[in-house]
Amino acid sequence: MTIKLITAFVLAFLFASAFGKYYVAWLRKIKAGQEIKENGPTWHMGKTGTPTMGGVMFILATALVCLTVGFEGMLRGEFVNIFIMLFACVFGAIGFLDDWEKLAKKQNLGLTAKAKFLLQLVASLVFVLLMRQIGYVRPSFYLFFVDKTIYMPEWLYFLLSSFIIVGTVNAVNITDGIDGLAAGTSIPVFLFFVGITMVFGDEFEQMGIMASAMIGGLLGFLIYNFNPAKCFMGDTGSLFLGGMIAALAYAYNMPFMLISLGFVFLMETLSDIIQVGYFKLSHGKRVFKMAPFHHHLEMGGWTGHKWKEKEIFTLFTGISLLMSVISFIVVSRHFMGL
C-alpha cells in the first residue's frame, strides 16, 4: 500500500507540474483572465487578467491517478475512489459554469448564489444517499474529541450531511482569496487522510490513493499559483477541492473531524458571517477591516502590520498543519485504543 500512495503522489505531481506549463500558456492565449472585485484590496487590482480555471491541473492529475493507481482496487470491486472523484467533479463542474459566466460577462460575478446553492445541495444529497446505499456511511455522527456517537433518523442525517458538505465546499471557496492559500491550507488536510489510511490499513487504500494524489496535484499546481501567481484555481478548482475534502471525510465516516481539520476554512467563513451580521446589526460598523480574515490581515487589522501574501500563506498553512496533526493524534489514539 505504501508504494501505491507514493506512486499516486509522484504521478499527480509530475502530471500537474508538466501539464501546467502548457495549460497556463494556453489560458493566456485565449485570454481566460480573472476579473478582480473592485471592493477588494486595491493592490489586488494588479492581478486583473491573471488566467483562471487553473484548478484543472490538479483535477486531471487526480483523475489520472484514480484510473491508474486505483485500477487494481477497482478490479477487486472497490469503486469508492470513482464515487469520490465523480462527486468532486460535479462540484468542479458547478465551479466551471461559474467561472465561464465570469469570463463571458468580463466581471467577477458568475452564477447567482441561489443557483450555486441549489446545485450544490442536490449534488450533496445524491452523494450521501449513494454512500449510504453502498454501506460507507451510517445515519450517525461519531464525535472523536468527546468519544460520543449521535444517532438520528436517516432523513435528518441526509439533510444535515448535505448542509455540512455544502458548507465545507463554500468554506474552501472563501479561503481562495490570495495566492496559494486554498491549496496550501488543503495539503495538510489530505496528509491527515493519508496518515489515517496507514493506520486503518488496506481497507481504506483507495481513499488514501485519492488523498495522496491531491497532495501531489496541489504541489504541482502551487508552482503556478504561489505568490506571485501565474494563474488562479478559480471556482472550478476551489469547489472541486472542497468537494474532495468533504467526500473523503464521509468516505472515512468522520465528517465531524472537519471542524478541526478544516479549522482555517471555518475561521475564514465565521469571519465573513460575523462581519456581515455585525454590519447589519450595528448599521454600518465592522469587526474586521475586511472579510474574510486573510484580507483583514492584509489591510493591517488590529496590529497595524500589513501582512504580505506569502506571510499569510505560511501562517495559515502552518495552522492547518497543526490542526491536522492534532486531528490525527485524536483519531489514531482512538482506533489504537490508547
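Residues are numbered from 1 along each chain as its sequence is written, and side-chain values use heavy atoms, with hydrogens and water left out. As the model is predicted, local features need pLDDT of at least 70 and side-chain atom pairs count only at pLDDT 80 or more, while totals for chains, interfaces and linings use all residues.

**Helix packing**

Two packed helices are described by the angle between their axes and the distance between the axes. Helices are DSSP runs (H or I, at least four residues) numbered from the N terminus. Axes are lines fitted to C-alpha atoms over the stretch in contact, and angles run from 0 to 180 degrees between N-to-C directions.

Helix H5 (residues 113-133) packs on helix H6 (residues 154-175) at an angle of about 125°, with the axes 8 Å apart. That angle makes H5 oblique to H6; the classes are roughly parallel under 35 degrees, roughly antiparallel over 145, roughly perpendicular from 65 to 115, and oblique for the rest. H5 passes H6 in a right-handed crossing. A crossing is right-handed if the near helix is turned clockwise from the far one by less than a right angle, and left-handed if anticlockwise. On the H5 side, the residues that meet H6 include Phe117, Leu121, Leu125 and Arg132; among those of H6 are Glu154, Tyr157, Phe158 and Asn170. Contact here means heavy atoms within 4.5 Å. The residues of the contact of H5 with H6 divide into 11 nonpolar, five polar and two charged. In this scheme Ala, Val, Leu, Ile, Met, Phe, Trp, Tyr, Cys and Pro count as nonpolar, Asp, Glu, Lys and Arg as charged, and the others, Gly among them, as polar.

H8 and H9 pack at an angle of about 155°, with their axes 11 Å apart. H8 is therefore roughly antiparallel to H9. The crossing of H8 over H9 is left-handed. Met207, Met210, Ala211, Met214 and Leu218 of H8 make the contact with Phe240, Leu241, Met244, Leu248 and Ala251 of H9. This contact of H8 with H9 has 10 nonpolar residues, no polar and no charged.

The 18 residues of H9 should span 26 Å at 1.5 Å a residue, and its end C-alpha atoms are 26 Å apart, which agrees; the expected span is 1.5 Å times one less than the number of residues. Since 18 of the 18 residues of H9 are buried, H9 is largely enclosed by the rest of the structure. Buried means under 20% relative accessible area, exposed over 50%, and partly exposed in between (1.4 Å probe, protein chains only).

**The loop between H8 and H9**

Phe226 is found in the loop between helix H8 (205-225) and helix H9 (234-251). With 32% relative accessibility, Phe226 counts as partly exposed. Not counting residues up to four places away in sequence, Phe226 touches Asp179, Lys310 and Phe313. Pro228 also has its place in the loop between H8 and H9.

**Backbone features**

Most residues other than glycine have a negative phi, and most peptide bonds are trans. The table gives the exceptions considered here.

| Site | Feature | Value |
|---|---|---|
| Asn227 to Pro228 | cis peptide bond | omega near -5° |
| Ala291 to Pro292 | cis peptide bond | omega near 0° |
| Asn253 | positive phi | about 60° |
| His283 | positive phi | near 60° |

Pro292 is in the loop between helix H11 (263-281) and helix H12 (293-298), and His283 lies in the loop between H11 and H12. Asn253 lies in the loop between H9 and helix H10 (258-261). Asn253 counts as buried at 16% relative accessibility, whereas His283 counts as exposed at 73%.

How values were computed
Helices (H or I, at least four residues) and strands (E, at least two) are DSSP runs, numbered from the N terminus.
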